[in-house]
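Subject: Structure handover and findings

Hello,

Here is the structure for you to look over. My notes on what was found in it follow below.

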Amino acid sequence: MDLKQMYREIVNEHNLHPTHKHDMENPTMVLRGVNPSCGDDISLKLKVEDGVIKDGSFVGSGCAISQASADMMLDLVIGKSEDEAKRLAEIFMNMIKGKASEEEIEELDEAAALEDVSHMPARVKCAQLGWRTLNEMMEEDEKNDSHKN
């Protein structure tokens, strides 16, 4: 089996059998992410305690790439600090732009399967949706925290 076929199977598996696609009771953070160009629409939900992402889920609809990418993202960030999740999101965004190193891409684990999306401009926003929503959520949380001091 060649590498591209293996990557397609990883994406397909996360799309057809997502681990994290379900509703969540009492999330501490919720943000809706929409890709108006193709209709992808998710609500990302996280439970964050003491700066660590303890759990995460998403609900919504979209293409295979957006759904698989959100699921892979949650696989990667659950158990990580908010800062580490932001760093991984930055690596993912750079990978999609073709600007990440091989070492950085390896840190993305299965999400690295989406590296070829960088060659499909119409699919880039699909792959980025969950990650962009995560970034926006973290930025909003930082703004809210800065207003508390």
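A definition to begin with: a salt bridge is a side-chain nitrogen of Lys or Arg within 4 Å of a carboxyl oxygen of Asp or Glu. The model is predicted, so local features need pLDDT of at least 70, side-chain atom pairs count only at pLDDT 80 or more, and totals for chains, interfaces and linings use all residues. Residues are numbered from 1 along each chain as its sequence is written, and side-chain values use heavy atoms, with hydrogens and water left out.

**Salt bridges**

A search of the whole structure gives seven salt bridges. One of them joins Glu107 and Arg87, whose closest N and O atoms are 2.3 Å apart. This pair links distant parts of the chain, with Glu107 in helix α4 and Arg87 in helix α3, 20 residues apart. Helices here are DSSP runs (H or I, at least four residues), as are strands (E, at least two), and both are numbered from the N terminus.

How open are the two partners? Glu107 is partly exposed, at 34%. Arg87 is partly exposed too, at 32%.

Next, a network. Salt bridges link Asp83, Lys86 and Glu142. Lys86 meets Asp83 at 3.5 Å, N to O. Both sit in helix α3, three residues apart, which is about one turn of the helix. Lys86 also meets Glu142, at 1.8 Å, N to O. Glu142 lies in helix α5 and Lys86 in helix α3, so this pair ties together parts that are 56 residues apart in sequence.

- Asp83 is exposed, with a relative accessibility of 57%.
- Lys86 is partly exposed, at 21%.
- Glu142 is partly exposed, at 42%.

**Aromatic pair**

How many aromatic pairs does a search of the whole structure find? One. The rings of Phe92 and Trp131 have centres 4.3 Å apart and planes at 5°, so they count as stacked. Phe92 is in helix α3 (residues 82–96) and Trp131 in helix α5, 39 residues apart, so the pair links distant parts of the chain. For the cut-offs: rings of Phe, Tyr and Trp (its six-membered ring) pair if their centres lie within 6.5 Å; planes under 30 degrees apart are stacked, over 60 edge-to-face, and the rest tilted.

Are the two residues buried or exposed? Phe92 is buried, with a relative accessible area of 0%. Trp131 is buried as well, also at 0%.

**Negative patch**

Glu13, Asp75, Asp109 and Glu110 form a negative surface patch. Patch residues have over 30% relative accessible area and no salt bridge; like charges are joined within 9 Å, and nonpolar side chains (Val, Leu, Ile, Met, Phe, Trp, Tyr) within 5 Å. Glu110 lies in the loop between α4 (102–107) and α5 (121–148). Glu110 is partly exposed, at 33%. Asp109 is found in the loop between α4 and α5. Asp109 is exposed, at 57%.

**Positive phi**

Asp109 has a phi near 50°, a positive value in a residue other than glycine. Asn26 has a positive phi as well, near 55°, and is not glycine. Asn26 is found in the loop between α1 (3–16) and β1 (29–35). Asn26 counts as exposed, at 64% relative accessibility.

**Two C-alpha distances**

Arg32 lies in strand β1 and is exposed, at 53%. Leu88 lies in helix α3 and is buried, at 2%. The C-alpha atoms of Leu88 and Gly60 are separated by 23 Å, and these residues are 28 apart along the chain.

Best regards

Terms used
Areas by Shrake-Rupley, 256 points an atom, 1.4 Å probe, with all protein chains shown as cover. Lys, Arg positive; Asp, Glu negative; His and termini not counted. Charge placed at Lys NZ, Arg CZ, Asp CG, Glu CD. Buried < 20%, exposed > 50% of the residue type's maximum accessible area, 1.4 Å probe, protein only.
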